[in-house]
Amino acid sequence: MTEQIDKALAREYEAGFVSAVESETFEPGLDEDVIRRISEVKGEPEWMLEWRLKAFRVWQEMEEPDWAHLSYPKIDLQSVSYYSAPKSMKDKPKSLDEVDPELLRTYEKLGIPLVEQQMLAGIAVDAVFDSVSVVTTFREKLEEAGVIFCPISEAVHKYPDLIKKYIGSVVPTKDNYFAALNCAVFTDGSFVYIPKGTRCPMELSTYFRINEQNTGQFERTLIIADEGSHVSYLEGCTAPQRDENQLHAAVVELVALDNAEIKYSTVQNWYPGDEDGKGGIYNFVTKRGICHTNAKISWTQVETGSAVTWKYPSCVLKGDNSIGEFYSVALTRGRQQADTGTKMIHIGKNTKSTIISKGISAGKSNNSYRGLVRMNPGAEGARNFTQCDSLLIGDQCGAHTFPYVESRNPSAIVEHEATTSKVSDDQMFLCRQRGVDPEKAVSMIVNGFCKEVFKELPMEFAVEAGKLLEISLEGSVG
Amino acid sequence: MSNENVLLSIKDLHASVEEKNILKGLNLDIKPGEVHAIMGPNGAGKSTTGYVLSGRDGYEVDSGSATLDGQDLFDMDVEERARAGLFLAFQYPVEIPGVSNLEFLKVSVDSQREARGEEALTSAEFLKLAKEACKQVNLPVSFLKRGVNEGFSGGEKKRNEIMQMILLKPKLCILDETDSGLDIDAMQVVANGVNSQRDSERSFIVVTHYQRLLDYIKPDFVHVLADGKIVKSGDASLAKELEAQGYAWLQTEPTEDEIED
Ligand SMILES: Nc1ncnc2c1ncn2[C@@H]1O[C@H](COP(=O)(O)OP(=O)(O)O)[C@@H](O)[C@H]1O
Ligand SMILES: [Mg+2]
């Protein structure tokens, strides 16, 4: 039976193609000069360069962390190229007509048409290809509502005050090794600002694509929801199938001011490497949001890709009554390794957090949940609920949970539940006896296991997640 | 015996589980529309028969044959046998948390329709059928939304099995002690569900320990399975006899001739 399940999970990686795009790519290597050159091609102001250089010096003093339940050959950061952009992007195309059709085709193949007429009506997309943003759609429509949605490289020029004020304010430069590296070499990513009292009229989304060989992708996203505003943001990512490991080290910062709400969803489908663990993306990501009074940040992630995932989307619940949520599905198979979870830092009074984590391990993979719930002394009446479920498929995989609780306020309540289960022979036999083929049966059982998380995804993304794990009939009973 | 007009034909079937011989020369022919009851002591191989016919992993066929509608069952995968019209109602239905009953039913029905080259039903069409089936087995419609067998009582699980049978419209239904653990009302519901599906085409194997189910589902034949083979066959009156006398008196009798009848 395990054999059949393995076959079922060994889906082809459909996003594994390479686009024939001529690129300008830096020679591999990392030093101050490379950082100056990145800053220069982006035409950045002096203050931005200074910020990068400072980060670089901080980073040079740091060491790669090794506390995660992961084992992988260290990446030689001198063999990575830190900038790659399609040549056609050099003249900064002003409209879609001027964008290299091969780039548009790439996104179309990935199911993200960038021509507005063909797009899903309710979603604006920022398409990032290697180190640059190719297109950001529906910008005018968003501007009418006062919403800013643009590449962060552009925001550095256009909205320097906002960038200066908020960049590094949630994830400080020295936060960790990969975040510091990102501060020094980040290339592009999305910037979002939602004005006071505004409900963003569309879903915003960024689609990250790595194409070039031997490059790292270091994107940076900053989302600011001003007082009483609301935004839902989606993120997707894929990369070609290559035998070498590639590094992706992103930083995402969310700022939810008083009474604001940010919903951030990710479907992570970086190339996972082959059955034997050859190739695949190393995904080392720092994501964190800060909630001011009555604000809410909700992270939902579906992690199916990457050879190695190191990722802990977190919430700093600074304001009273603020709310943090983390809903996660992490599926590992083959030789994939994931060490993922969240941190909920309760600072304000009556802050609340919910953590629902679903880990699915198959093949020879390793899947760990690592979560920290901290109740600071001032967190009167704070509450956390954590539920951590692991599903094992076969008997060669590993599932681990590392929950850390630090409670310094006696009135705070922390609840933790954890389960481990298996896709059983009985379940498989029942499905097959009803005529369902084994592949479908596995995906149905796995989907059922993930249901609580999937229902948190925006509709359009639920479809994508569903394609990844093959959902059907979700929510069709009225 | 000619194969003409036989739905299920089991010939001299020997099967084992974990190297242990369980079925030791089982013979049984079932024609379309017939209801056969199988009774017999615990451990006789009744459940094993259902599992071997449906192809469960770990149940090895050592020799003999079984055909459904002339097709060799042992040549097919589990799901192919199901699509060919074989349905097994489980003695102990398993839970699938988070997968709604409706989703499970629709995926099952769609899979079987697809295999027959039929179009998938729309969600609305299917929902209507599913609601009707719920009513037939006396389960509230809200059970469609709940996870498959998740937190169901024993009786609800058994009724859920019958609901699946109603929606899948199999040719051969094997009910493995569907009446065990049910009170008289629940048993009647199950019996009514089965009776509503009886027609001149559909056949049933009803495994039971109790005569009382057979008061509601009137069998055409009753067989006694003991130590891996059928030791006695008769009509409905045999069940009454068994109820009165138990199985012990049968086990010493020569039975080969009767089976070949
Ligand atoms: N999975 C199994 N592993 C080991 N022995 C089994 C298994 N299934 C059935 N058996 C054995 O096979 C024999 C017949 O079992 P079963 O078919 O369940 O009998 P019945 O349904 O008639 O009570 C019993 O001795 C039982 O212990
Ligand atoms: Mg039994």
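**Ground rules**

I number residues from 1 along each chain as its sequence is written, and I letter chains from A and number ligands from 1 in the order in which they are written. Because the model is predicted, local features need pLDDT of at least 70 and side-chain atom pairs count only at pLDDT 80 or more, while totals for chains, interfaces and linings use all residues; side-chain values use heavy atoms, with hydrogens and water left out.

**Entry: the cores**

I started with the nonpolar cores (sets of buried Ala, Val, Leu, Ile, Met, Phe, Trp, Tyr and Cys residues joined through side-chain atoms within 4.5 Å; buried means under 20% relative accessible area, exposed over 50%, partly exposed in between, with a 1.4 Å probe and protein chains only). The largest has 84 residues, and those with the most contacts inside it are Tyr82(A), Val134(A), Leu181(A), Val185(A), Phe191(A) and Phe284(A). I then noted a second, separate core of 62 residues, which includes Val267(A), Ile10(B), Leu88(B) and Val94(B).

What does Val185(A) touch, not counting residues up to four places away in sequence? I listed Leu30(A), Ile35(A), Ile38(A), Arg52(A), Tyr82(A) and Phe218(A), with contact taken as heavy atoms within 4.5 Å.

**Entry: strand E8 of chain A**

Helices (H or I, at least four residues) and strands (E, at least two) are DSSP runs numbered from the N terminus, and two strands pair if DSSP finds at least two bridges between them. Strand E8(A), residues 220-225, has 6 of its 6 residues buried, so it is largely enclosed by the rest of the structure. In a regular strand the side chains alternate between the two faces of the sheet. I checked both faces of E8(A): Arg220(A), Leu222(A) and Ile224(A) are buried on one side, and Thr221(A), Ile223(A) and Ala225(A) on the other.

Strand E6(A), residues 190-194, pairs with E8(A) in the parallel sense over 4 bridges. Here Phe191(A) has Leu222(A) as its bridge partner, and Phe191(A) is also listed among the residues with the most contacts in the largest core. E8(A) pairs in parallel with strand E11(A), residues 251-256, too, over 6 bridges, and Ala225(A) stands opposite Ala256(A) there.

**Entry: strands of chain B**

I found 4 strands forming an open, antiparallel sheet in the order E2-E1-E4-E5. Strands E2(B) (20-30) and E5(B) (71-72) stand at the edges with a single partner strand each, so one side of each is left without a neighbour in the sheet. E4(B), residues 59-68, is joined to E5(B) by 2 bridges, and Thr67(B) stands opposite Asp72(B).

Next I looked at E11(B), residues 221-226, where 5 of 6 residues are buried. E3(B), residues 35-39, runs parallel to E11(B) and is joined to it by 4 bridges, with Ile38(B) opposite His223(B). On E12(B), residues 229-234, the pairing with E11(B) is antiparallel over 5 bridges, and Ser233(B) is the bridge partner of His223(B). The hairpin of E11(B) and E12(B) has 2 residues between the strands, and Asp227(B) takes a positive phi near 50°.

**Entry: ligand 1**

Which residues are closest to ligand 1? I counted 13 residues around the ligand (a heavy atom within 4 Å), the closest being Gly43(B), Gly45(B), Lys46(B), Ser47(B) and Thr48(B). For polar contacts (pairs of N or O atoms within 3.5 Å; within protein, one must be able to donate a hydrogen and the other to accept it, and residues adjacent in sequence count only if both atoms are side-chain atoms), I noted these:

- A ligand oxygen is 3.1 Å from a side-chain N or O atom of Lys20(B).
- A ligand oxygen is 3.2 Å from a polar backbone atom of Ala44(B).
- A ligand nitrogen is 3.1 Å from a side-chain N or O atom of Tyr59(B).

Ser108(B) lies in helix H3(B), residues 101-115, and is buried at 2%. Leaving aside neighbours within four places in sequence, I saw Ser108(B) in contact with Arg434(A), Val436(A) and Leu168(B).
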